[in-house]
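Dear colleague,

I am handing over the structure below, and would be grateful if you could look through it with the notes that follow it.

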Amino acid sequence: MLTGYNTDVSCEGKVFHVQTEDRGTANPVLETLVYCGGQILHHERSGYEDLVAEDGTVDEKELARRLERQHRDVLRRVRHGAFLDPPGSLERMVGEEGELDELVARALERDDRPVEPLAIAFEGDAASGLKGSVRVSRADGSPAAEVRVQVRIVAPGRDPLDLVEGRTDGEGRLVIAAALPDLPPNAAAILRAQTEGAEGRMRLALAEVEATMATG
């Protein structure tokens with residue numbers, strides 16, 4: 001499984017973030033997302049089932065070539081202004097009612113893929129930074145070890161911020177301690193846990209975490 005690419009591109013004063021990932025041989029798809037101003041503007045997927053052998057091995061050289069080609073193709077389109085001012089995105093006013101809910105819904109949306117659901121729980125606070133532990137478990141309640149966990153901060157009018165990435169230990173836990181930038185009160189963290197054949201996502205409202213700590 002290849003890790004992928006993350007690139008920031010400027011076009012006419014706007015900064016676009018382009019992310020391309022390999023979903024793994026259990027779900028042989030290359031996925032590219034284009035973000036700007038805290039919104040997902042474009043979602044592109046291409047399959048590579050033809051590169052996966054019966055024993056599960058994959059042609060890594062050709063896969064790497066396709067991954068880079070897809071990423072570069074989307075970058076080229078961004079630079080040429082393909083995603084400038086699409087209807088209903090960049091022209092929307094920052095702070096429009098319901099904007100964060102829509103943003104988070106897009107970040108949490110799942111594809112129709114046959115994957116095992118993972119449950120995610122967070123214990124900690126965000127009063128002086130996102131500090132605590134993430135626990136990931138499988139459907140039967142057992143710990144999900146060696147699972148990749150990503151934490152991304154989203155807020156209206158802001159570019160998504162990749163805050164933390166790591167892997168769970170043998171007990172399905174990942175300890176995190178990350179400083180938070182200045183954020184609006186309606187910012188949220190999206191926690192994503194992923195391993196081959198299994199995935200889970202959750203929303204963590206940072207203001208709610210701080211309020212819990214203040215009254216606890």
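Which residue in β3 is the bridge partner of Asp 22? The model you have before you is a predicted one, and in it the partner of Asp 22 is Leu 30. The two strands concerned are β2, residues 14-22, and β3, residues 29-36, which run antiparallel and are joined by six bridges.

Just after the helix, Gly 81 adopts a positive phi of about 85°.

The buried residues of α1 are Glu 62, Leu 63, Arg 66, Leu 67, Gln 70, His 71, Val 74, Leu 75 and Val 78, and the buried residues of this helix pack against β1, β2, β3 and β4.

Is Gln 70 buried or exposed? This residue of helix α1 has a relative accessibility of 8%, and it therefore counts as buried, the cut-off for that class being under 20%. Leaving aside residues up to four places away in sequence, Gln 70 touches Thr 20, Leu 30, Glu 31, Thr 32, Glu 44 and Ser 46. Leu 30, which is among the residues that Gln 70 touches, is also the bridge partner of Asp 22 with which these notes began.

Turning to the protein as a whole, you will find three helices and 12 strands. The protein has 216 residues, of which 46% count as buried, and its accessible surface comes to about 11200 Å², with 49% of that surface belonging to carbon and sulfur atoms. Among the contacts with a separation of 6 or more, 56% are accounted for by residues 24 or more positions apart.

With kind regards

Key
Residues numbered from 1 in each chain as written. Predicted model: local features only at pLDDT ≥ 70, side-chain atom pairs only at ≥ 80, totals over all residues. Heavy atoms only, no water. Pairing = 2+ DSSP bridges. Helix = DSSP H or I, 4+ residues; strand = E, 2+ residues; numbered from the N terminus. Buried < 20%, exposed > 50% of the residue type's maximum accessible area, 1.4 Å probe, protein only. Contact = heavy atoms within 4.5 Å. Areas by Shrake-Rupley, 256 points an atom, 1.4 Å probe, with all protein chains shown as cover.
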